[in-house]
Amino acid sequence: IIIGGGPGGYVAAIRAAQLGLKVACIEKESALGGTCLRVGCIPSKALLEASHHYYTAQNKLSDFGIMTGGVTLDLEVMMRHKDTTVSTLTKGIAGLFRKNKVSHYQGLGTIVAAGKVAVTDASGSQTVLEAKNILIATGSRSAPLRGVEEDGDFVGSSTEALSYPDVPKHLVVIGAGVIGLELGSVWARLGAKVTVLEYLDRILPGMDSEIAQEALRIFKKQGIKFQLGSKVTSARKDGDHCVVECEGK
């Protein structure tokens, strides 16, 4: 029994089935693939590619003598392209489950005893599965920040930033890690003013410092503003906009 249908869970489920085990995989979301495929790596890369095409058509094609005239953005179509990419890949995993005879259970998995997992579906009904081995592959979720009041609209996580209905006039990104910089890049290319606030005195903590330095130069050239050494103390919705307070440099 595998609890979690993300990259850890679904790969393990398919491989275990190929090796001859009888396998059940439990996933609480309606689609397989986990955070990476549904609301992380794949949708962000789809938007990075699409926004890059838009930016290139607007700013770079004329360098090659290609005159495109007025380039306009249809954000709804761009989002549909992202959603189609995600849907195609999640359906592909479901197809691999069927091909390898992995039993897929949609619901919340709870270990109730040694070798027993209860699956509670959306209607509240429960199924109890039994197996010799249980693999926990439940992934992670965004950690809350003190003083940051998320409302899922004006103030939210990277999940909301993958599906804004309009290009924000000004997007403040708290944290200069990989995810923040990816989504900051997307919305900057699409026309938003983007300000990145980072607690440390550098971007991309954990990465090679020379790479981070070069990345900072490139991002600044793209028009993204950085305030390093900034500790965010609060972020909240205030009427039809947001207020972000920080201290430091």
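Guide: Welcome! Two residues are in contact when heavy atoms of theirs lie within 4.5 Å. Please keep in mind that this model is predicted.

Visitor: What makes residues count as contacts of Val 194?
Guide: Heavy atoms within 4.5 Å are what counts. Setting aside neighbours within four places in sequence, Val 194 has such contacts with His 170, Leu 171, Val 173, Gly 184, Trp 187, Ala 188, Gly 223, Ile 224 and Lys 225.

Visitor: Which residues touch the most other members of the largest nonpolar core?
Guide: Val 194 is one of them, together with Leu 181, Trp 187, Val 196, Ile 203 and Phe 226. This core holds 30 residues. At least two residues come from each of H3, H4, E8, H6, E9 and H7, and H6 gives the most, with 5 residues.

Visitor: What lies apart from this core?
Guide: Another core, of 13 residues, including Cys 25, Leu 37, Ile 93 and Val 102.

Visitor: How do you know what span helix H1 should have?
Guide: H1 runs over residues 7–18, which makes 12 residues.

Visitor: Which residues of H1 are called buried?
Guide: Buried means under 20% relative accessible area, and in H1 that holds for Gly 9, Tyr 10, Ala 13, Ile 14, Ala 16 and Ala 17. Seen down the axis of H1, the buried residues fall within an arc of 165 degrees, so they line one face of the helix. Their cover includes strand E1, strand E2 and helix H4.

Visitor: What comes just after H1?
Guide: Gly 20, with a positive phi of about 100 degrees.

Terms used. Residues are numbered from 1 along each chain as its sequence is written. This is a predicted model: local features need pLDDT of at least 70, side-chain atom pairs count only at pLDDT 80 or more; totals for chains, interfaces and linings use all residues. Side-chain values use heavy atoms; hydrogens and water are left out. Helices (H or I, at least four residues) and strands (E, at least two) are DSSP runs, numbered from the N terminus. The expected span of a helix is 1.5 Å times one less than its number of residues. Buried means under 20% relative accessible area, exposed over 50%, partly exposed in between (1.4 Å probe, protein chains only). The arc is that of the directions from the helix axis to the C-beta atoms. A nonpolar core is a set of buried Ala, Val, Leu, Ile, Met, Phe, Trp, Tyr and Cys residues joined through side-chain atoms within 4.5 Å.
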